[in-house]
Amino acid sequence: MVKRKIIVYPDPVLSLVSEEVTEIDEETQELIKDMFEAMDEEVGIGLAAPQLGVSERIMVVSIKEKNFERLAIINPVISFFSEETVVIEEGCLSIPGINMDVRRPANIILRGLARSGRLVEINATGMLARVIQHEIDHLDGVLFIDRLSYKDKKAIEANLQALNKQYSAASP
Ligand code: NI
């Protein structure tokens, strides 16, 4: 059984700017384990800590790419964005049932800390670059629907309203 449930839009925790992790301790390791578990349960390819209700700058990714498949990064920072952009369809485990095309930089360089505390730098392209940018947005309280044009946002208005209704019905 999954220990922590994925928080769904429009829960306000998804709009908070997350805090830097100052110490990688046992709790951090537990959280990362729970993040992988929750992501795998939903067959996702990325997850950010706020999606489990924790406002800390931690993200996990699960993509077959080069020499790794599973990646947890603490305090991730993008140190380079390519000028070239690309449109890729995005979805989000916190915004079920909605997928939309989003334009973002095609290539990035990511810096952050691995679970061991070791500094890592990753040159990312393709889907990996996309997922990393989507997850770091979560750490800044930004969702992919915030990056849509007015017209595209209009197109999914009914779906968002349905999520709003479900949320208010479930909240005490
Ligand atoms: Ni997401």
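For the residue classes used below, Ala, Val, Leu, Ile, Met, Phe, Trp, Tyr, Cys and Pro count as nonpolar, Asp, Glu, Lys and Arg as charged, and the others, Gly among them, as polar. The structure is a predicted model, in which local features need pLDDT of at least 70 and side-chain atom pairs count only at pLDDT 80 or more, while totals for chains, interfaces and linings use all residues. Residues are numbered from 1 along each chain as its sequence is written, and side-chain values use heavy atoms, with hydrogens and water left out.

Of the 24 residues in its lining, Glu-42, Gly-44, Gly-46, Cys-92 and Leu-93 are the closest to the centre. Here a pocket is an open set of points, on a 1 Å grid over the protein atoms alone, where a 1.4 Å probe fits and where protein lies on both sides within 12 Å along at least five of seven lines; lining residues have an atom within 4 Å of a point. By class, the lining of the largest pocket holds ten nonpolar, six polar and eight charged residues. At least two lining residues come from each of α1 (26-41), β4 (85-90) and α2 (126-139), and α2 gives the most, with six residues. These elements are DSSP runs numbered from the N terminus, with helices (H or I) of at least four residues and strands (E) of at least two.

The metal site comes next. The protein donors of the nickel ion are Cys-92 through SG, and His-134 and His-138 through NE2, at 2.1 to 2.2 Å from the ion. Their spacing in sequence is C-x41-H-x3-H. Because Cys-92 lies in the loop between β4 and β5 (100-105) and His-134 in helix α2, the pair ties together parts that are 42 residues apart in sequence. Donors are N, O and S atoms within 2.8 Å of the metal (3.2 Å for Na, K and Ca), and since water is not among the atoms, sites may look incomplete. Cys-92 is buried, with a relative accessible area of 10%, and His-134 is buried as well, at 8%. For these labels, buried means under 20% relative accessible area, exposed over 50%, and partly exposed in between, using a 1.4 Å probe and protein chains only.

Helix α2 deserves a look of its own. Twelve of its 14 residues are buried, so α2 is largely enclosed by the rest of the structure; among them are Arg-130, Gln-133, Glu-135 and Asp-137, together with His-134 and His-138. At 1.5 Å a residue, the 14 residues of α2 should span 20 Å, and the end C-alpha atoms are 21 Å apart, which agrees. The expected span is 1.5 Å times one less than the number of residues in the helix. After α2 comes Gly-141, with a positive phi near 75°.

Helix α1 can be read in a similar way. Its 16 residues should span 22 Å at 1.5 Å a residue, and its end C-alpha atoms are 23 Å apart, which agrees. The buried residues of α1 include Leu-31, Ile-32, Met-35, Phe-36 and Met-39. An α-helix has 3.6 residues a turn, so residues three or four places apart point the same way. At the N-terminal end, Asp-25 caps α1, with a side-chain oxygen 3.2 Å from the backbone nitrogen of Glu-27. Thr-28, also in α1, is buried, with a relative accessible area of 4%. A polar atom of the Thr-28 side chain lies 3.4 Å from the backbone oxygen of Glu-23. Such a polar contact is a pair of N or O atoms within 3.5 Å; within protein, one must be able to donate a hydrogen and the other to accept it, and residues adjacent in sequence count only if both atoms are side-chain atoms.

Some local backbone features complete the description. Val-43, in the loop between α1 and β1 (46-48), has a positive phi near 55° although this residue is not a glycine, and Val-43 is exposed, with a relative accessible area of 72%. Asn-75 also has a positive phi, about 50°, but sits in strand β3 (residues 68-81) and is buried, at 12%. In the segment before α1 lies Pro-10, which is joined to Tyr-9 by a cis peptide bond with omega about 5°. Finally, Tyr-167 of helix α4 (residues 157-170) is partly exposed, at 27%; Tyr-167 and Val-8 are 159 residues apart in sequence and 7.8 Å apart in space, C-alpha to C-alpha.
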